[in-house]
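Welcome to this short tour! Open your viewer, get ready to select residues by number, and follow along one stop at a time.

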Amino acid sequence: PRSSSRTPWHAAYTPTKRPNVVTYNTLVNQLMMEGKVEEARKVVEVEMPDVGVIPDLRTTEILERDSERWSKMRTSHLGSLLKRNDVASAWTFFDTLVENSLADENHFTVMMKACETSTQQRELMEKMVEHNVRPNVVTYTVMMKACESATQQRELMEKMVEHNVRP
């Protein structure tokens with residue numbers, strides 16, 4: 001049994017009415033994750049100072065991450081969404097990456113796994129090429145597994161050769 005003399009945490013907790021640096025860092029991180037770099041910088045350079053919030057080391061670290069690290073984080077995020085079976089959110093996030101010209105071969109390959117048919121995978125492969133993203137061997141391997149016939153596999157192998165991808 002609990003002592004009645006204890007104050008529950010929520011009774012002692014007084015929420016602030018303004019966002020703090022942690023709140024802004026969360027927003028800036030999400031904007032960067034979505035590839036909205038200019039919007040993230042505006043939050044840090046304009047919005048935060050306007051409300052008296054001083055960026056901290058975490059803010060700087062978020063803004064200074066290199067593109068390779070962001071790409072890996074985005075790939076991981078897509079994979080996590082699919083693992084949770086949140087396919088709709090994965091597609092929404094992926095479409096944001098495509099819209100912001102940030103989708104790379106890893107993102108496209110992860111989303112191949114979200115396709116229900118080889119036809120959808122082929123359409124995604126076409127979209128990949130339209131956005132000047134070269135399929136890699138992993139992309140083709142995922143597609144190979146979805147082929148329904150030896151003819152489709154041969155056609156896919158020809159595409160690999162055409163795109164200079166070695167099996």
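**Stop one: the aromatic cluster**

Select W91 and F94: both sit in helix 6, 3 residues apart, which is about one turn of the helix. Keep in mind that you are looking at a predicted model.

How many aromatic pairs does a search of the whole structure find? There are 2. In one of them, the ring centres of W91 and F94 are 5.8 Å apart with the planes at 80°, so this pair is edge-to-face. W91 has 24% relative accessibility and counts as partly exposed, while F94, at 0%, counts as buried.

Because F94 belongs to helix 6 and F108 to helix 7 (residues 105-112), the pair ties together parts 14 residues apart in sequence. F108 is also at 0% relative accessibility, so it counts as buried. Together, W91, F94 and F108 make one aromatic cluster.

**Stop two: a charge over a ring**

Next, show R65 and W70. The charged end of R65 sits over the ring of W70, 4.7 Å from the ring's centre.

**Stop three: helix 2**

Select residues 21-33, which form helix 2. At its N-terminal end, look for N20, the cap: a side-chain oxygen of N20 is 3.0 Å from the backbone nitrogen of V22. Buried residues in helix 2 include V21, Y24 and L31. The helix's buried residues pack against helix 3 (37-50), helix 4, helix 5 (67-83) and helix 6 (87-99). After helix 2 comes G35, with a positive phi near 80°.

Terms used:
Residues numbered from 1 in each chain as written. Predicted model: local features only at pLDDT ≥ 70, side-chain atom pairs only at ≥ 80, totals over all residues. Heavy atoms only, no water. Helix = DSSP H or I, 4+ residues; strand = E, 2+ residues; numbered from the N terminus. Expected span 1.5 Å × (residues − 1). Buried < 20%, exposed > 50% of the residue type's maximum accessible area, 1.4 Å probe, protein only. Contact = heavy atoms within 4.5 Å. Polar contact = N/O pair within 3.5 Å; in protein donor to acceptor, adjacent residues only side chain to side chain. Phe/Tyr/Trp six-rings, centres within 6.5 Å; stacked < 30°, edge-to-face > 60°. Lys NZ or Arg CZ within 6 Å of the ring centre and 35° of its normal.
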